[in-house]
Amino acid sequence: MNATQQPRPARLTVGVVGAGRVGPALAAALQLAGHRPVAVSGVSDASRRRAATLLPDVPLVPPAQVLALADLVLLTVPDDALPGLVEGLAATGAVRPGQLLVHTSGRYGTAVLDPARRAGALPLALHPAMTFTGTAVDVQRLAGCSFGVTAPEELRLAAEALVIEMGGEPEWIAEEARPLYHAALALGANHLVTLVAQAMELLRKAGVEHPDRMLGPLLGAALDNALRSGDAALTGPVARGDAGTVAAHVAELRKHAPGTVAGYLAMARTTADRALAHGLLKPELAEDLLGVLAETGDGAAAPGGQGPDGQGPEDPHGSQGGDR
């Protein structure tokens, strides 16, 4: 889909309620497309600095005044704050009939905007599947970024056009699928940051001076392989069934970074399950491996698992489930 296939929406005045990392960047992208940011609200000093950097000369005003000035309002607040914000704006009469009200929460579709819709607003859910820094680089990163879009049928063209004008690609998400969609993104992106940060800390403890340089090429290749091949890209000691190596990992982590043991075991168990299911982990190697992985983070054995005394489980799959 490209911009030539979509009608260009009328030039709109744009307001932002919640000057976190997302709102100012989207408003700046809309400004590049010819729309006009006219108002932004922000509470913290960091929010005000972001607004001043990405939307210079746009006044900072209370949320109700943002709605009074703008044809298109971006509600870019934390997920848990969104329902209360919408209800409050609708209850105070701040919402105007015909006003485009856009939230950027991945969790919610358009139902969360029902109080505003009853007041005459036009509801859109446009969630950029991107991590934001709160700087100008975010505007550049929107080029080619997928947006999870939910909108009433009569607003689909408007939603598509706005996403394309921001440089993104619309991906339609059903209302009822929004929580699952958002969980998938959080699993892939947010947890990735945690894993990478832990890996860098461990490499530093191992004496690596520049862990980012070491991990960069490895993680880049792993990500590319995973996106291309899915589970077929699995490699490493778990997928190979190297129980001794995995046991050594757990012992070292317990000694030097005990806070990482539970996460290592959980991810390794999941990796083993997927490797078994896809024929990468040989069944004859799985018993010892799953015994090691059945240990809990404190060194005790999970039900059915192999404990520190070396006694194996009656069921070789232990707590891995009985679906195999």
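How many helices and strands are there in the protein? There are 13 helices and seven strands; here helices are DSSP runs of H or I with at least four residues, strands are DSSP runs of E with at least two, and both are numbered from the N terminus.

Colleagues, a word on the basis of what follows. This is a predicted model, in which local features need pLDDT of at least 70 and side-chain atom pairs count only at pLDDT 80 or more, while totals for chains, interfaces and linings use all residues. Residues are numbered from 1 along each chain as its sequence is written, and side-chain values use heavy atoms, with hydrogens and water left out.

I begin with the overall figures. The protein has 324 residues, of which 42% count as buried. Buried means under 20% relative accessible area, exposed means over 50%, and partly exposed lies in between, with a 1.4 Å probe and protein chains only.

Let us turn to strand β3, residues 72–75. Leu72 and Leu74 point one way from this strand, Val73 and Leu75 point the other way, and all are buried. In a regular strand the side chains alternate between the two faces of the sheet. Strand β1, residues 13–17, pairs with β3 in the parallel sense over four bridges, where pairing requires that DSSP finds at least two bridges between the two strands. Val16 has Leu74 of β3 as its bridge partner. On β4, residues 100–103, the pairing with β3 is again parallel, over four bridges, and Leu74 stands opposite Val102. From β3 the chain crosses through helix α4, residues 82–91, to β4, and this β-α-β crossover is right-handed. By that term I mean that, with the strands pointing away from the viewer, the path from the first strand over the helix to the second runs clockwise.

Thr104 lies in the loop between β4 and α5. Is Thr104 buried or exposed? Thr104 counts as buried because its relative accessible area is 10%. Setting aside residues up to four places away in sequence, Thr104 touches Val22, Leu26, Leu75, Thr76, Leu126, His127 and Pro128. His35, for its part, sits in the loop between α1 and β2. With a relative accessibility of 3%, His35 is therefore classed as buried. His35 and Leu72 are 37 residues apart along the chain, and their C-alpha atoms are separated by 9.5 Å.

The next element is strand β6, residues 146–150. Four of its five residues are buried. Strand β5, residues 122–128, pairs with β6 in the antiparallel sense over four bridges, and Ala125 has Thr150 of β6 as its bridge partner. Strand β7, residues 169–172, pairs with β6 in the parallel sense, also over four bridges, with Pro170 of β7 as the bridge partner of Phe147.

What lies over the face of Trp172? Arg156 does, at 3.8 Å from the ring centre; the criterion is that NZ of Lys or CZ of Arg is within 6 Å of the ring centre and within 35 degrees of the ring normal.

I now come to the helices. In α13, residues 283–293, the buried residues are Ala286, Leu289, Leu290, Gly291, Val292 and Leu293. They pack against α10, α11 and α12. In helix α8, residues 178–205, we find Pro179. Pro179 counts as partly exposed because its relative accessibility is 46%. Pro179 and Tyr108 are 71 residues apart in sequence, with a C-alpha to C-alpha distance of 6.9 Å.

Finally, a point of backbone geometry. Asp57 has a positive phi of about 75° although it is not a glycine. The place of Asp57 is in the loop between α2 and α3. Its relative accessibility is 81%, so Asp57 counts as exposed.

Methods: Contact means heavy atoms within 4.5 Å.
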